[in-house]
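Have the viewer open as you read.

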Amino acid sequence: MADVRLDVTLASRHLAVGLEVPDGEVVAVLGPNGAGKSTLLGLLAGTLTPTSGRVLVGGRDVTRLPPHRRRVALLAQQPLLFPHLSVLENVAFAPRAAGLGRAAARALARERLEVVGMAGFADRRPGQLSGGQAQRVAIARALAADPQVLLLDEPFAALDVAVAPQLRGVLREVLEGRTALIVTHDLVDVVTLAGRTVVLDGGRVVEDRSVRALVESPRSRFAADLAGRVLLAGTVAAGKGMVRRGDGVVLQTALGPVAGLWQDDTAAGPGARALALVDPAAVSLHREAPDGSPRNCWPVEVEGMEPRGGQLRVVARGVTSAGPPDGGIRGAVDAQEGGQDVRLAADITPAAAAELAVAPGRRLWFVVKAQQVRVYRGH
Amino acid sequence: MSREPRYAVPGWLWIPAAAGLLFLALPLAAMVVGTDWRHFGALVTSPSARIALWLSLRTAAAATVLSLVFGTPLAVVLARARPRGHRQLRALVMLPLVLPPVVGGLALLLTYGRTGLLGRWLEVAGVHIAFTTTAVVLAQTFVAMPFLVISLEGALRSGTGAYERVAATLGAPPGLVLRRITLPLVAPGLVSGTVLAFARALGEFGATLTFAGSLQGTTRTLPLEVYLQREVDPAAAVALSLVLVAVGALVVLTVGSRTLGGDHG
């Protein structure tokens with residue numbers, strides 16, 4: 001195993017990424033489609049050559065090396081087992097390529113198949129395996145190459161949902177102590193397999209933090225979506241001066257003022273860029289704006305609903321046309337341009353949804369207590 | 001694989017379809033009917049026929065080997081390395097397929113003939129190619145190699161690239177990838193291309209006649225013998241033709257109309 005250091009640009013894909021992965025760390029690479037995740041893997045594997053910059057694996061400069069001399073193995077969505085070779089020959093392929101004798105390569109292949117629980121399938125042809133079995137063999141084959149870095153490109157995306165958990169368990173075991181990058185869209189992969197996350201967007205790294213920090217206080221829309229939260233960007237409103245951890249704070253956002261608690265170790269003054277994180281589970285729905293403070297009340301128009309663990313997630317966008325009833329903080333009052341573009345979500349019970357007759361186009365109020373809105377420094 | 005549901009064709013389509021099939025099959029039937037079966041054995045084993053057949057088999061085999069040796073690398077380079085202008089290069093490779101064979105023969109004559117582009121230098125070195133058995137092989141290779149290249153290139157482009165990339169990340173250098181992954185995966189395309197090239201070489205007539213002439217035992221292959229006997233002994237010509245039909249039928253059946261139809265395209 002070895003560490004990875006990469007600082008490259010690739011003009012044709014508008015990518016400019018700097019990244020360091022210490023020896024033995026598993027990093028989840030996240031981001032929307034087209035963010036550059038697969039391009040990043042291609043640059044590491046050697047199927048793409050950067051316009052500028054360097055790629056170091058274990059201190060070796062591999063920037064100009066062809067894929068077969070990098071010792072970086074790639075596990076793709078599809079197992080891509082060589083169809084004309086048996087399972088055993090597939091796994092023995094890399095050791096043979098490395099110059100090992102036939103018998104030794106086969107012995108090694110059997111060991112690797114054992115690790116992924118596929119020893120009994122050594123003589124099968126890839127065509128005789130299920131998708132999950134084939135992906136296990138693909139893992140064994142990648143391990144048999146004794147790579148310094150393992151790249152995983154959505155390894156479970158093409159599999160049955162019922163098969164993925166077992167395979168995730170296998171992968172968790174084999175990734176122990178290995179340097180690896182895993183591209184995924186699945187929060188479960190991130191939490192079970194990775195220690196750190198890197199979020200790419202538009203060919204840039206927009207977040208690079210521990211998994212826990214990412215889900216607790218995401219800084220990107222993508223990370224907030226992944227954690228099932230709603231993220232509102234704004235600036236600290238003028239008021240009592242500097243805010244410190246635990247203080248009440250009001251943000252000016254596209255939706256209007258948003259009240260929350262400052263949950264950042266560093267203090268901030270008026271005008272500082274900040275983010276407000278709303279847990280949809282803490283949001284309640286009302287026909288009328290309720291009285292009482294300190295609460296956030298946002299007039300919204302329902303866009304749709306989806307089931308979510310026994311609850312219904314109501315997705316809505318902010319509207320600016322509602323009247324200004326008194327009490328609490330009224331989003332509608334000084335909502336800036338663009339409030340309609342802000343998407344909000346609330347998790348409610350099916351009974352509540354029925355009672356409120358929630359349906360697309362319906363105007364309602366989203367209400368959340370200020371104490372339940374996490375506010376922290378943005379960028 | 002499950003069988004695909006049958007597509008309903010309009011009833012009237014059967015009539016032109018049957019007419020087309022008949023058009024293709026009738027001449028073959030005429031040939032079977034027109035053969036002098038009583039003397040068939042004697043006709044196809046006459047000395048001149050045997051000499052021509054033996055020459056045809058040898059030259060077609062040599063042309064097939066040449067096509068393989070040069071055509072396989074050409075197909076791999078066209079499909080994988082994608083050199084600048086590979087589209088134009090592919091068109092160039094396909095040109096002999098659509099060229100009238102007699103034109104091909106003339107072109108070869110202008111290249112390797114006594115006063116040809118290369119021929120005049122070969123002449124100085126004491127090497128004569130035109131109107132020799134070598135010329136027969138060159139003429140056959142000229143028309144046969146494109147079949148192999150196009151067939152193999154089609155197989156290469158139909159999706160072995162992902163396997164090759166995986167093999168490379170597993171530490172296999174390009175030579176090993178070619179030998180252990182690419183070629184085994186395109187083996188069906190390689191086999192059908194080879195058989196097609198052999199069949200085309202065996203049937204070569206126009207280019208051979210123009211570039212190599214018709215010398216018994218040296219350049220007179222079976223198709224040339226058929227053409228010659230047509231004047232002298234029509235019954236022998238028909239019998240020999242039937243031998244070529246049999247070889248053709250064998251090719252179509254072994255390669256399978258499936259691969260000929262470009263099922264992997």
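## A sheet in chain A and its partner chain

In chain A, strand β7 (residues 149–153) runs parallel to strand β8 (residues 180–183), and four bridges join the two. Helices (H or I, at least four residues) and strands (E, at least two) are DSSP runs, numbered from the N terminus, and two strands pair if DSSP finds at least two bridges between them. D153(A) stands opposite V183(A) in β8(A).

This is a predicted model, where local features need pLDDT of at least 70 and side-chain atom pairs count only at pLDDT 80 or more, while totals for chains, interfaces and linings use all residues. Residues are numbered from 1 along each chain as its sequence is written, with chains lettered from A and ligands numbered from 1 in the order in which they are written.

Both strands belong to an open sheet of six strands in chain A, ordered β6-β7-β8-β3-β9-β10 with mixed pairing. At its edges stand β6 and β10 (204–210) of chain A, each with a single partner strand, so one side of each is left without a neighbour in the sheet.

Now for the contact between the chains (C-beta atoms, placed from the backbone, within 7 Å):

| Chain | Residues in the contact |
|---|---|
| Chain A | 16 residues |
| Chain B | 14 residues |

On the side of chain A that touches chain B, β6 (72–75) and α2 (87–97) of chain A each supply at least two residues.

Chain B has 13 helices and zero strands. Its C-alpha trace spans about 65 × 65 × 30 Å along its principal axes.

Note on methods:
Contact = placed C-beta atoms within 7 Å.
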